[in-house]
Structure formats: structure tokens, C-alpha cells
Amino acid sequence: MILAANEPFIFALFEYSFLRYALLTVIIMGFITPLIGSFVVIRRLSFIADTLSHFSLAGLSIGLFLINILGFTFISDPLYLAMIFSVIGALFIEILRGYYQNYKEISMPIVMSLGTALSALFISLSGGFNSSIYNYLFGSILTVGNKYLSVMAITTIITVFLLLIFYKEMVIISFDETYAKLIGIKVGRFQFISTIILALVVSLSLATVGVLLVASLMIIPVAAAMKVGKSFKNTIGISILFSELSVIGGLWLSYELDVASGATIVLINILILVLVVVFKNLFVSKRLKNTQSDIMTK
Amino acid sequence: MRVAVTNLTFGYDYRTVLKDVSFKLNSGDFLAIVGNNGSGKSTLIKCILGLNKVPQKRIFLDDVDITEFKNFRSIGYVPQKFDDFNYEFPITVNEILQVSRYNNISEDEKLELLDKIGILELQNENINELSGGELQRVFIVRSLMNNPKLLILDEPTVGVDKTNVEGFYKTVNELNKEGITIMLITHNINESKANFTHLLSIHNGEAVMKEITRGDDE
């Protein structure tokens, strides 16, 4: 990472603008990823985030190849190509899902392998691994700037806006596609738009946690919240809370220990998941025990 | 709602499921559909719901060809199984009913429906904590929420206990009296205690329609 931690995170925040950008970015990301992730989990499409992140990597590699080897400096940031590729990957998935009606999941490994193969090809052509590829694989939030923050903020505002307008439709489609079709919701259209949004958020998450860990940012907080949520909205709220804890905590640890932010964020996420599962099991077995002893005393 | 099916032949890939099926229902008719497993009952229902695509001039709902019919929200439907429903994610009964509500039934009417079907006390429960029978009743309420003009029920009370089955048919009979057309797939037309007006027997995809004089069914 670019800076060794000589002063505590909180003081460094006041001093360095890049750190404030990073903090704001992860706060936005911590909000939007589990929000979208919840709908992905309900529709049993958890693998889609992984597929799209691998396809984004192809965009990144091609971007780095064009900039570094061919000298296309007008492409200011390979991240834009990652976004475009993520959307293209999403379109491929939707086309293949339509083609293999009864084996829809086939689309994922096909698109994922295409993305990975293209990445391997262009990384090799660019002279193999270097630090920018490493940063995109494992995340390096401290290197992102305010331009990235504004793209993230705009995507989040659009997503939340769409979700507020089409909340009913999105919930019905996610839980019960047949019923959605029945009451005349244009299911295909909604799926298409939500996949595009997912693709954008996936590509934007690359800088924070990296290609290999993007999916975890969307899925793990939701997986933990599902175990304790009392209702749909409550579960989404809890998943956002877990997610914020992990991204803010992860950013702090990443700065203090000078390690990849993807690693710290995801490890905190996993820690929360483990704690939730352990406490839930303890709680359930204690309740059953109490009920049993109540019956015995009667 | 008036339903007319004329010379409908339908199948999947290599298998013909419905063979030249024709029948007509007027508003307020109550049809029982009987037949063995695999006879084509559910396929017929899916055709009428627009989930199976049929050619033009085969099915008419209120005299509109189903290929041009738009108002599917006026059809209530309770499927036989909820395999399509992703019920492991937390969502309460109230939340699922809230998003399924399109016609403006009041909060009081909604509570009345929940009470009639016997799940008033379950409204804040998570769907993933309900039993199969309770879940079934949630979907029965959902099918009734949008003031349906046609109600299609595919063995809706399998797994629901007797008291609630009675409550359900009482509600269905009341709705039918208000002029709602009802189509009910059932294995046992006596058990359902419903006031059928017509009986459609399907055997190997061929259907025979019979009129029933009200009161004969019990």
C-alpha cells in the first residue's frame, strides 16, 4: 500500500483527503452492495456477482493493455472499461439464460471462463502481473480518488431511486416469478435492468475489495442478516449494518496494518457471519432448554 | 368474468396434453375440474392464466382473446405447490400481502380476509417459519386481495386443516354469490362443500362438461 501507518487512522482522516474519499466510498458501497445483494440472494443468483467480477477483470486487463502497451492515454482509467465489460457480461448471461431455459446456471461458468480467459490473455500481453493488476485482484481502496467516489454515488442514487419506484415489482419478481408474470409484470424487462445495475455495482466494487472478493461484499452480510432478520425490510437493514461495520472496520485495519482492503473487509464480514451463526444456535438451544424445563416443572 | 375455451389443443415438446377442449362459463359460474394426475388439469389452468402461450381464438376472457387480454390482475390464483416461491428469505405475511396488493382494498378488508382464512394472528410472522398449511392460507388470502373477477384454485386446501378448509370454502361460496367466476381443481368434490354449477372431467386430455343443479353437490 502507499502509506505506512505512522499516525492513527482517525488523525490521518483529517490530514489526508484520499483517506476521506476512501471512507466515503466504502460507506456508500457498504450501503448499496447488500441492498442489491439481498435481491440477488433471494433469486438464488449468488454466483452472478462472481461471474460479472471476472468479466470486469477482462475489461480492466484490456484497459491496462490499451493504456500501457498501445499508449491509448485518452482512456483515463481502466475502470471505465471494467464497467462496460461488466454490463456486456450481464447481457451475455441474460442471453444464455434465455437460451438454456431449464439450465439457466450454465450461463455463469460460460461467461466466467470467457472473462477469465480474456483477462489471462491481456495480462500476458501486457507483460504479466504488475501492481495495478494486483490492486484490482485484491482491492486497494486507499488508491481511489474523488472521481471514483462520484461515479459510485451517482450509481447508488439511481439504484435507490429505481428501487423506491419499483419496490413492489422487484419484491414480487424476486420472491415469486410465476406470480409476477401472472399479474402482468414485465419480468424480463425488470430482470434486465436489475442485472445492468448489478453489473455496474460489481465493477465499481472492484477497487475496494478486488475481483476475487466482490461477490462476498454482496452475499456475506445478507447471509448473516438472513439468520436474524424478523422481516424483509428488517433483514435488509441488518445486512446494511453488518456491511457498514465490515467496510469501515476493514478500511481502518487496511490502513493500520498496511494490507489489501479486500482482505480485511471480507475477513470482518466472515467474522460477523460466524458470530451470528454461533449466537443464533446458542439462543435457539437455550430457548428449547428453557421450554423443556418449564414443561418438566409443570 | 366469462371464460370461453374453444377447441384448445395444447402440448409440450412431443406430448399433447389437451385435446380439443371446449367449454364456456358465465360470470358467477362455479366450475369443478376433476381428473387423474397427468390428465391435463393444471395445464388447462396455466393456459387460462396466460402462463402457457396458446394460439389465437382458443381462449376468451370476457370476450377478449387471451392473446390480447391485459387485465390478468383481475384473476386470483392459488397454485397447488409453492415450489416457485423463494420462501427461505425472511419476509412477513404482511409484507408479502402488501406488495401483492394492487386494487385498493382497505386495511380493514384485508384484516377481515386474514381473519376469515384463519391467519390473522400470523400477519407479522416470517413466511419461512410457517407450516405448509399456513403458507397455503397466505396464498389463498393473496389470491383474494385484488378483488378477483375470476378465481382459479388448483387443489388449494391440500395440507390445510378441516376448520380452515371450511372457512375457506365459506369465503369462496360467498365470493361466488357476488358474481365471481370460480374454477377449482379438486380430487374430492364432496369434501369441498362448494356450490358447484359445472363439472369438467378431464381424461387423457379430453374434457367433458356437465352442468350441476345447485344443491346436488353435497
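The structure is a predicted model, in which local features need pLDDT of at least 70 and side-chain atom pairs count only at pLDDT 80 or more, while totals for chains, interfaces and linings use all residues. Residues are numbered from 1 along each chain as its sequence is written, with chains lettered from A and ligands numbered from 1 in the order in which they are written.

Phe39(A) counts as buried because 22 other C-beta atoms lie within 10 Å, the cut-off being 20 or more, with C-beta atoms placed from the backbone. Beyond its neighbours within four places in sequence, Phe39(A) is in contact with Met170(A), Ser174(A) and Ser194(A), where contact means C-beta atoms, placed from the backbone, within 7 Å.

The largest nonpolar core holds 143 residues, and Leu198(A) and Leu31(B) touch the most other members. Such a core is a set of buried Ala, Val, Leu, Ile, Met, Phe, Trp, Tyr and Cys residues joined through C-beta atoms within 7 Å. Leaving out residues up to four places away in sequence, Leu31(B) touches Leu25(B), Ile182(B), Met183(B), Leu184(B), Phe196(B), His198(B) and Leu200(B).

Where the chains meet, 22 residues of chain A are in contact with 19 residues of chain B. On the side of chain A that touches chain B, helix 8 gives the most, with five residues.

Key. Buried ≥ 20, exposed ≤ 12 C-beta atoms within 10 Å, placed from the backbone. Contact = placed C-beta atoms within 7 Å. Helix = DSSP H or I, 4+ residues; strand = E, 2+ residues; numbered from the N terminus.
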